[in-house]
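User: I have this one open and would like to go through it from the inside out. Could you start with the core?

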Amino acid sequence: MSRSSVQSGWGAPELLHRKKEGVKVSDNSFPHDSFDDLLAANAEYQKSFKYSGLTGSAARGLAIVTCMDSRINPLSVVGMRSGDAKILRNAGARVTEDVLRTLVLATYLLNVDRILVMPHTDCAMARGDEAAIHKLIDDKYGVNTSSLEFKTTSDQLGALASDINRVRSYPLLRHGVVVAGAIYDVKTGTITPYEG
Ligand SMILES: [Zn+2]
């Protein structure tokens with residue numbers, strides 16, 4: 001455990017959890033039992049792989065910041081495919097320091113000149129109850145996660161507005177990049193532009 005992880009409160013719960021599961025922290029062998037279905041699927045994928053000609057630049061100049069929700073397929077939602085756009089995902093589609101860091105690189109070096117921040121309906125992070133999520137984890141796993149900020153909100157549109165502004169006003173972002181917001185509806189597939 002590093003000194004910084006102790007200070008930030010990150011390391012202890014993780015180590016505790018791993019100890020409980022009987023997994024050695026230093027064991028880096030590939031856990032085939034858990035991942036062999038992926039390897040099998042990839043063996044098929046390789047057979048018809050057709051993206052070898054792509055570069056790492058976003059061919060259609062887009063970055064999407066969206067939630068990790070497994071109902072969202074960000075490229076399909078906006079009619080794009082591999083190679084077209086950069087996709088940044090986290091819980092709640094929030095603009096964090098790491099999202100900003102990535103957008104700086106994407107806008108200067110990877111052809112991104114437009115950014116869509118896209119939270120979604122029925123998002124657990126938009127139910128506003130940060131304390132309840134900490135309690136849920138504590139009750140189920142006995143781990144206190146209160147040192148983490150999950151960035152839940154009870155005002156999803158307000159959070160979106162503030163996140164859009166955060167990107168627009170970020171001084172290190174490439175000048176001229178266009179930033180917009182939209183809400184994705186997980187029941188209909190519709191995206192509704194946020195008009196402010
Ligand atoms: Zn979500």
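Analyst: In the largest nonpolar core, which has 20 residues, V65, L103, I115, V167 and L173 touch the most other members. A nonpolar core here is a set of buried Ala, Val, Leu, Ile, Met, Phe, Trp, Tyr and Cys residues joined through side-chain atoms within 4.5 Å, and buried means under 20% relative accessible area, exposed over 50% and partly exposed in between, with a 1.4 Å probe and protein chains only. This is a predicted model, in which local features need pLDDT of at least 70 and side-chain atom pairs count only at pLDDT 80 or more, while totals for chains, interfaces and linings use all residues. Residues are numbered from 1 along each chain as its sequence is written, and side-chain values use heavy atoms, with hydrogens and water left out.

User: Which elements each supply at least two residues of this core?

Analyst: Those elements are β1, α5 (97-109), β3, α7 (156-168) and β4 (178-184), and the largest share, five residues, comes from α5. Helices (H or I, at least four residues) and strands (E, at least two) are DSSP runs, numbered from the N terminus.

User: What does I115 touch?

Analyst: Not counting residues up to four places away in sequence, I115 touches A63, V65, L103, T107, V167, L173, V177, V178, V179 and A180, where contact means heavy atoms within 4.5 Å. There is also a second, separate core of 16 residues, which includes I72, L75, M118 and A182.

User: Is strand β1 enclosed or open, and why?

Analyst: Strand β1 (residues 62-67) is largely enclosed by the rest of the structure, because six of its six residues are buried.

User: How does β1 pair with β2 and with β3?

Analyst: β1 and β2 run parallel and are joined by six bridges, with V65 having L88 of β2 as its bridge partner. β1 also pairs in the parallel sense with strand β3 (residues 114-118), over five bridges, and there A63 stands opposite I115. Two strands count as paired if DSSP finds at least two bridges between them.

User: Where is N90, and is it buried or exposed?

Analyst: N90 lies in strand β2 (residues 85-90) and is buried, at a relative accessible area of 18%. Leaving aside neighbours within four places in sequence, N90 is in contact with T66, C67, M68, T96 and V99.

User: Changing topic, how many aromatic pairs are there?

Analyst: The count comes to three aromatic pairs, on the rule that rings of Phe, Tyr and Trp (its six-membered ring) pair if their centres lie within 6.5 Å, with planes under 30 degrees apart counted as stacked, over 60 as edge-to-face and the rest as tilted. One of them joins Y45 and F49, whose ring centres are 5.7 Å apart and whose planes stand at 65 degrees, so the pair is edge-to-face. The pair of F49 and Y51 is also edge-to-face, because the planes are at 80 degrees, with the centres 5.8 Å apart. These ring pairs link Y45, F49 and Y51 into a cluster.

User: What about the chain overall?

Analyst: The protein chain has seven helices and five strands, which run α-α-α-β-α-β-α-β-α-α-β-β from the N terminus on. Of its 196 residues, 30% count as buried, and among contacts between residues at least 6 apart in sequence, 65% join residues at least 24 apart.
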